[in-house]
Amino acid sequence: MKKRIEYLDSLKAVCILMVVFCHFVLLPADSAAGNFLMSLSWAAVPCFMMISGALMHQSTTFTWKKYFSRVAVIYIVLCVWRGIYLLVNLMTGVFSFGKLQIIQYLFFLKDLEGINTGVMWYMIAFLFVQMLYPVTYYLFRGIDESGGRRILFYMMSVAFAGGILIPSCSWALKFMCRLLGTGSADFDGLKRIMPFSSYANMLFYFIAGAFIYEYRRQISDRIRTFRMWLLPAVILGTGGLMTVKYFDSGTFRWNNTFLNAGYSHILTGVVAAGLLLFFMEYEKQMTKINHLLGKYIGQHTMGIYYLHYIILTVCAVYLYPYFENKYSLALNLAKMAVITAVCVIITLLLKRIPVLKKLVQ
């Protein structure tokens, strides 16, 4: 078994806590602190993608058999969980679907109206980057390593341009037009010439993770003098995302409103990269914390990811009505802690069962 990298497991733990925090929220509309944490949570998925890219491109060998086996397992597990989500939703509501619709839902990733599987977009995005992994791995670890990495860097830059830069510039242009009262304009037409479809931003984070981890020592040497600014950069970046939301919705408070296209903002990348670099730079100072978070939460993120949303779906129907008019930041934090703990326990139990453990690994 490969030795686990505890600070990456610890970062995964923090990220999955943010994911649980921001789903089925119990925040009051006027919560500014809640809005800050919701804005910070946009960095969770990019961090997951960067960690995956970092670890997968560190592999010293690539075999097609192992690759196809991994992709097949990811797809089958996704289909099984979609089936579980369907059954749970059918128990909490009244729906009517034809056999063909169900087959398309289960195996062709086509959503059914009323069945809440929104959280599964991440696994679809992960499968998307998996389709390109043989290419990115060969460019990163191939025979002509130097030339291959230049091409991969170009590929990452194109993904950044299509998935983050153009949407961010479009937002800025729309905002300027609104200020000047000149009508609406954007750069969205340029996305028609950009490859990698709607998951370009996730591909950028996947490849960026590979480069950051590979050159972590060189990066550390360059930023050592400024590393005390990493956490402030995360805080300021999150404040920037709150400001973007303010310009869109007119409030710095939660107001039951998610930031529009959060993964496509440059500031989200700043926050995510800041978190990854912070955990890298302060690995030795956070040894005990990393060990605890990594061991008890970070090693079980896949189980928490699939389980938390389905548990919260049931809670929203049967428990949330009891908390009406009692929403608070403390309540949402308690929800995060309790649901995460329940998911960890269930994950540990499932990992003891030979076949079912595949569902949470």
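Student: Which residue forms a salt bridge with Arg-149, and how far apart are the closest N and O atoms?

Tutor: A salt bridge pairs a side-chain nitrogen of Lys or Arg with a carboxyl oxygen of Asp or Glu, within 4 Å. In this predicted model, Arg-149 forms such a pair with Glu-214, and their closest N and O atoms are 3.3 Å apart.

Student: Is Arg-149 buried or exposed?

Tutor: Buried means under 20% relative accessible area, and Arg-149, with a value of 7%, is buried.

Student: Which other salt bridge does Glu-214 form with an arginine?

Tutor: Glu-214 also forms a salt bridge with Arg-141, where the closest N and O atoms are 2.8 Å apart. This pair links distant parts of the chain, with Arg-141 in helix α6 (residues 121-141) and Glu-214 in helix α8 (residues 200-214), 73 residues apart. Arg-141 is partly exposed, its relative accessible area being 25%.

Student: How many residues apart are Lys-12 and Asp-9 in helix α1?

Tutor: Lys-12 and Asp-9 are three residues apart in helix α1 (residues 6-21), which means that about one helical turn separates them. They form a salt bridge whose closest N and O atoms are 4.0 Å apart. Lys-12 counts as buried at 15% relative accessibility, and Asp-9 is buried too, with a relative accessible area of 5%.

Student: How many salt bridges does the structure hold?

Tutor: The structure holds seven salt bridges.

Conventions:
Residues are numbered from 1 along each chain as its sequence is written. This is a predicted model: local features need pLDDT of at least 70, side-chain atom pairs count only at pLDDT 80 or more; totals for chains, interfaces and linings use all residues. Side-chain values use heavy atoms; hydrogens and water are left out. Helices (H or I, at least four residues) and strands (E, at least two) are DSSP runs, numbered from the N terminus. Buried means under 20% relative accessible area, exposed over 50%, partly exposed in between (1.4 Å probe, protein chains only).
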